[in-house]
Amino acid sequence: MALGLFIGVVAVTIGGGATAGVPLLLLMGHSAAQSIATVKFALLGSFVTGSLAHRGDAAAAERKAMPWAVWPLAVVGSAAGSLLVVGIDDRVLKIVVALLMVVILWITHRTDFSQRRRDAHARLPSAPVGVAMIFGLCVYSGFFGAGFGTFLIFALMRCYGLTFGESASVMTRINLLVVGASVTTFISSGVVDFRLGIPLFVGCAAGGWLGAWVARVTNPKRMKAAFQAFTLLLGAKLLWEAWAAG
């Protein structure tokens, strides 16, 4: 449950719930597909409570910027991506996980997580570009999802001019939708470990409430630094395990 609390806080602050949870379950000896499916199931708890805590901020940001087409496409993309992970060889998936963590570190290093509102005169991408980017991210979320929240925050800031806080709020609601869609596929495929997933779900639900508060009061630069340090340590450990197994 304590692990779930940690994952839940990370998930609704900087969007690294899968990044934090999946490698930990891999290192505990679970298969890659089972680790991804079980963490996704647990993360539903954090996104339910986080969405409730963020509901005012997220609703305002959505009314200001979000095209309606994002929501149905998010479900379709996530369900399509979740079908990929079930059919991929376990060893290949572990290598992909390790490589994606390197990309995540680079992206988060270059992303500005400040609370500054974008210049009103700054040119934003066209609406179809923003929708296409979010759809692609939702496919990735269904496939694995490490860093999906971080990528999504970045996309919302760049495509729709939202602040970090507004983007984190909207990210939590989109995550609830896309994770719910992918978890349905995982459950039907029998890859969710409910003995581990249910305690993680409870911990994540508590972490969602706590994380929503942390996102409002903590300096984003500190959250970013903590996330990068944790990702670096886990990525190094995972690469070492993959190399030793080979």
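With a disulfide taken as a pair of cysteine sulfur atoms within 2.5 Å, the count comes to zero disulfides. The structure is a predicted model, in which local features need pLDDT of at least 70 and side-chain atom pairs count only at pLDDT 80 or more, while totals for chains, interfaces and linings use all residues. Residues are numbered from 1 along each chain as its sequence is written, and side-chain values use heavy atoms, leaving out hydrogens and water.

Turning to the helices (DSSP runs of H or I, at least four residues, numbered from the N terminus), helix 2 (residues 17-27) packs against helix 3 (residues 32-53) at an angle of about 135°, and their axes lie 9 Å apart. Axes here are lines fitted to C-alpha atoms over the stretch in contact, and angles run from 0 to 180 degrees between N-to-C directions. Helix 2 is therefore oblique to helix 3; angles under 35 degrees count as roughly parallel, over 145 as roughly antiparallel, 65 to 115 as roughly perpendicular and the rest as oblique. The contact (heavy atoms within 4.5 Å) involves G17, A18, G21, V22, L25 and L26 of helix 2, together with A32, S35, I36, T38, V39 and L43 of helix 3.

Finally, V75 sits in helix 5 (residues 70-86) and is partly exposed, with a relative accessible area of 31%. Beyond its neighbours within four places in sequence, V75 is in contact with L177 and A181.

Technical notes: Helix = DSSP H or I, 4+ residues; strand = E, 2+ residues; numbered from the N terminus. Buried < 20%, exposed > 50% of the residue type's maximum accessible area, 1.4 Å probe, protein only.
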